[in-house]
Amino acid sequence: MTKYKLWFLIMPASFLLGICLGSLSAARIDTAAFFSTAADSLSSASLMADSVLKALRQNALHAVLFLIFGTTFIGAVPSAVLLGVRGYGLGQTVGALVAAFGFRGFLASALGIFPHNLLYVPFFCLLAVFGAGFSGQLLKKERNMRQNLASFFLISLFLTVPILCGCLIEGYVSAPLMRRILSSML
């Protein structure tokens, strides 16, 4: 675990930097265009199922990317960038909600975005940390690389399970809460 210490700082820092940049950019976007798609989505009869499927596609893609990045020599850099991009999207969404709807936007952020991100954020950071650590091992010519690769895949699989649970929370808890809070305003 001591070899991962630096990555435990760098990966969350890149995510936080993305959130900050996303929040700042939210002040510069046209919120009407930003929320027109959200209004259609929230009024859909199949909101929960659509939200789960969208979350599964998006998060499975990110988990696979973290896995692929971890098996390359420069895996730490794209992992940190991907975390920053995820943070940017989260920051922009929260910033736009608060800018457009004030306290109600803050409430929508707290109840409609926070629950599933309680699982996404730490486990994506852990995927990135372990991917960066394994990527560093590739630079060293170790004898048991096959065993290390198998361990890396197994750890990645275990870290992905809570993310998949987060997809269910996003679809069946967060999406209905967002609809309830924002439907009268969109």
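Helices here are DSSP runs (H or I, at least four residues), numbered from the N terminus.

I note that this is a predicted model, in which local features need pLDDT of at least 70 and side-chain atom pairs count only at pLDDT 80 or more, while totals for chains, interfaces and linings use all residues. Residues are numbered from 1 along each chain as its sequence is written, and side-chain values use heavy atoms, with hydrogens and water left out.

Next I checked helix 3 (residues 47–70) against helix 4 (residues 76–101), whose axes come within 9 Å and cross at roughly 160°; axes are lines fitted to C-alpha atoms, for helices over the stretch in contact, and angles run from 0 to 180 degrees between N-to-C directions. The two helices are therefore roughly antiparallel, the term for angles over 145 degrees. Their contact (heavy atoms within 4.5 Å) includes His62 and Phe66 of helix 3 and Leu82 and Arg86 of helix 4.

I then turned to helix 6 (residues 114–139), whose axis comes within 7 Å of that of helix 3 and crosses at roughly 20°, which makes the pair roughly parallel, as angles under 35 degrees count. On the helix 3 side, the residues that meet helix 6 include Ala55, His62 and Phe66, and among their partners in helix 6 I listed Tyr120, Phe124 and Gly131.

Methods. Parallel < 35°, antiparallel > 145°, perpendicular 65-115°, else oblique.
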